[in-house]
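Please look over the structure shown here before reading on. The report that follows goes from the overall fold to single side chains.

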Amino acid sequence: MGEITRQPARAIQNALIDSVLAGLCALIVFGPIVGVVLKGYGFTLAPARVAILVAVVMAGRLALSLLLQSHRGKAFIARFEGADDGVYVRPPGYRSRLRWIIPLLVGLAIVFPFLATKYLLTVAILGLIYVLLGLGLNIVVGLAGLLDLGYVAFYAIGAYGLALGYQYLGLGFWAMLPLGAVMAALAGALLGFPVLAYAWRLSGHRHPRLWRNYPPGA
């Protein structure tokens with residue numbers, strides 16, 4: 001009986017810990033972006049905005065943690081933990097009940113620039129840029145397994161290339177956007193191929209069979 005009464009208390013305790021940790025992460029992420037409002041060469045602090053965002057994140061994390069520790073939440077998690085390979089395959093012809101979320105998000109993304117203020121639009125653009133950087137880093141480090149500590153340098157090349165092209169060449173944003181991506185890709189190729197060849201030579205010295213297969217003079 002005592003163990004049964006301790007389980008809800010333990011679930012609430014774990015949910016509160018998750019909520020506090022999520023609030024700290026939200027404070028670190030949203031504090032400099034939302035809490036500091038630039039005005040010319042100065043700035044003003046907006047702690048109320050940060051407090052609202054942190055409170056929303058903590059409340060959402062608390063509700064999610066409590067839901068995942070309930071019977072329905074555990075049953076939902078168990079659906080994705082049954083296969084040994086970690087991949088959950090839907091049966092042919094399956095149609096999710098949540099398929100309306102993607103069209104809803106696309107519609108909100110189209111309407112948001114016309115309804116949001118300039119400040120909210122700037123924060124949203126900055127946040128989406130960080131999302132793109134995170135996705136790219138996930139591909140390089142997570143999928144390819146390459147520890148690339150200078151990943152943000154290619155982002156800087158594209159960003160500064162866009163700004164310099166706009167200032168000195170008179171090209172607009174949409175004209176420089178693909179050119180900035182091409183500049184970042186060329187910089188990555190110029191740096192990547194010599195490093196790849198050097199890595200092949202090092203691995204060839206360690207593995208003679210691989211060294212014999214390496215093309216001479218390359």
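Which pattern does the protein follow, read along the sequence? The pattern is α-β-β-α-α-α-α-α-α-α, made of eight helices and two strands, where helices (H or I, at least four residues) and strands (E, at least two) are DSSP runs numbered from the N terminus. This is a predicted model, in which local features need pLDDT of at least 70 and side-chain atom pairs count only at pLDDT 80 or more, while totals for chains, interfaces and linings use all residues. Residues are numbered from 1 along each chain as its sequence is written, and side-chain values use heavy atoms, with hydrogens and water left out.

Of the 218 residues of the protein, 14% count as buried, a term for under 20% relative accessible area, with exposed meaning over 50% and partly exposed in between (1.4 Å probe, protein chains only).

The structure holds one aromatic pair, a term for rings of Phe, Tyr and Trp (its six-membered ring) whose centres lie within 6.5 Å, with planes under 30 degrees apart counted as stacked, over 60 as edge-to-face and the rest as tilted. The rings of Phe173 and Trp174 have centres 5.1 Å apart and planes at 80°, so this pair is edge-to-face. The accessibility of both residues is listed below.

| Residue | Relative accessible area | Class |
|---|---|---|
| Phe173 | 44% | partly exposed |
| Trp174 | 69% | exposed |

Elsewhere, Arg49 lies over the face of Tyr119, at 4.4 Å from the ring centre; such a placement requires NZ of Lys or CZ of Arg within 6 Å of the ring centre and within 35 degrees of the ring normal.
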